[in-house]
Amino acid sequence: MRKNGFARHALIETLHTVQSAFGCLDDDSIRFVARSLRVPLSQAYGVVTFYHYFSLKPPGKHTMTICAGTACYIKGSDKLLAAAQERLGIPPGQTTEDGQISLMTARCVGACSRAPVMLCDGEVAGETTGAHMLEQLERWAVE
Amino acid sequence: MTIEELEQIAESVRLENAKYDFEVNVCMDLACASQGSGQLREALARAAEDSGKNVLVRRTGCMGPCSAGPMVRVDPEEIFYSHVNASHAGAIVNSLGGEPVPALQCDLSEHFDKQVRVVLENAGHIDPEKIDDYIACDGYKALLTALTEMTPNGVIHRITESGLRGRGGGGYPTGLKWGTVAKAGGDLKYVVCNGDEGDPGAFMDRSVMEGDPHRVIEGMAIAAYAVGATKGYIYVRAEYPVAVSRLTTALREARRRGLLGNSICNTPFNFDVEIRLGAGAFVCGEETALLASIEGRRGTPKPRPPYPAVSGLWGKPTLINNVETYANIAPIVRNGGKWFANMGSERSKGTKVFALTGKIANTGLVEVPMGIKLREIIEVIGGGVPDGHTFKAVQTGGPSGGCIPAEMLDIGVSYDALLKMGSIMGSGGMIVMDDTSCMVNVARFFVEFCMTESCGKCIPCRAGTAQMFTLLSRICEGKGTMEDLDLLVSLCETIKETSLCGLGMTAPNPVLSTLKYFRNEYIEHIVHKRCPAGVCNMEAPVEVMA
């Protein structure tokens, strides 16, 4: 916040910083940011819920993100997602009960030339196959 | 910083580079980096040191043919190596000065011959984190020339003369836009760069920001001088962390060299740029929504007029252009408007960068002159559809664009021609589909995207896209009727005409264009309950199939 001079218009920047430090934006942190920047709480909450990038729930230990961009879709990312859902037993956006793995979808990470793409804890892996992805999930389930 | 000092820096970089006998360039763009080009670069640097040869190992931005990655180019011979990994480093270094490594060498002459590189001229040739590399390629010369030798009006005149049109998709004449902002009153004006590349399936802007960030900054500074702005913002998607870090480095270096800040080049011109992060909202690519997001609010669009050129950021006149538009500015100022206007077709000048993806042999970034035939891009540069499948359609413009069928491939690429075909130029995503893609399903995919991305402010878009989605889902499940098609068309027309912003107005395009060119696929789904491509799961019993 200090970096942006406590400017009100730096709300989104500040929320990014908080989320990258704590993994998610819980009620306390949203309240704190809103008070510090002198922004109405409703505006802060509205911004957090409007943008996909912000999450209100803490992520699992590992995060499997599957790109749902057009190029990935044409190359079968929907099948990857279905396989991941079946393996983990959760819909996208949720975390497994033991808190090990979160399953997410991304709008597009810009690695379309290597579609379909998955992100394993933020690392881009291109030309993914179902077997490859399940193998990674198995590894994470015990780590 | 003066032009003489700039030349001195360029000269010293050239002298420094001349000390080396060979240059080994390693592509470190996302696609190559995800396949280990980072380790490759370290291995090459180690091998070069051990060999005792005079070799410069350089990290570069995207070279283009991403499907052949990780890519390595050896200069001065311009030998391309594809699918290189760290274990090949020794062989490549040993081959320097002798015969190239045959197992890795690839012939890309066909891929590059038809391309003309303006925006991507430096990508793959310079280290994006070194400002001196950019200066050695005539970087910032255009800015200093404009500041010392041209009037703001002179700059606008040159841009108008070039015929450059907005590369974000709309194709509004850039010179005209600059002129409007320049004429707007008030002493505080803003320049904004739209780097919210929301189109899923396009990554040109990411590559430009990552591979040649200074080019964007220089373009913005020239624009600021021309319209009389003092402050700039680059709005980048949070999904592009590398682009953000490269731009941050680039801005720091430019400030250190005195190319941003106060009294640039000892003139009264002050300009500085800040980065603003997006947070995942497609609608923020729309200019009024983008401005709302920069101000720290929800990204919902506003009715226009007033246009941002008159009342934009915090109510001040604001110039908004796309990354690729700014990337075209420096070469135009350097080489003149006529040089640029000589390229391209009659009403669409210059070149355009496309991100070629989907079912095509050579995926990657290509830059072609406007007016080139789609067939040439797909069959010659792209190498055609692989694995013995047949080409079905090419999708341009993302969720706002349409699908172009095989019989229209001989049309030249320009803003107007694409619009006439029911698609749009868009930011430059080009996704090729073969016979395994179902067009009804593709239309449904895009409508679903627009439905989730609709900001919800105006009803035609919020409710209309949901209704379109329901109708298309019914058809995909084999429960559709022929009346549904008519309903779909009239719904599309309504959404198109009554929505507030570009998202809603263009959301029906994928549906309308597939209905126009692939109506038989819809009819197959409805009448015969059959998906010709075998994508859709029909729940209804398949009684008609006999």
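Visitor: Into which domains is chain A divided?

Guide: Domain bounds come from an automatic or database domain assignment. Here chain A is divided into domain 1 (8-50) and domain 2 (62-142). The C-alpha centres of domain 1 of chain A and domain 2 of chain A lie 28 Å apart. This is a predicted model, in which local features need pLDDT of at least 70, side-chain atom pairs count only at pLDDT 80 or more, and totals for chains, interfaces and linings use all residues. Residues are numbered from 1 along each chain as its sequence is written, while chains are lettered from A and ligands numbered from 1 in the order in which they are written.

Visitor: Which strand of chain B does β1 (residues 22-27) join, and in which sense?

Guide: Strands (E, at least two residues) are DSSP runs, as are helices (H or I, at least four), both numbered from the N terminus. Two strands pair if DSSP finds at least two bridges between them. In chain B, β1 runs antiparallel to β3 (residues 72-75), with four bridges; B:Val24 has B:Val74 as its bridge partner. Three antiparallel bridges also link β3(B) to β4 (residues 79-81) of chain B, where B:Ile79 stands opposite B:Val74. Three residues separate the strands of this hairpin, and B:Glu78 takes a positive phi near 55°.

Visitor: How many residues of chain B are in contact with chain A?

Guide: Contact requires C-beta atoms, placed from the backbone, within 7 Å. By that criterion, 38 residues of chain B touch 33 of chain A. On the chain B side, α2 (30-33), α13 (287-294), β9 (351-358) and β13 (429-434) each supply at least two residues. The largest share, three residues, comes from β9(B).

Methods: Two residues are in contact if their C-beta atoms, placed from the backbone, lie within 7 Å.
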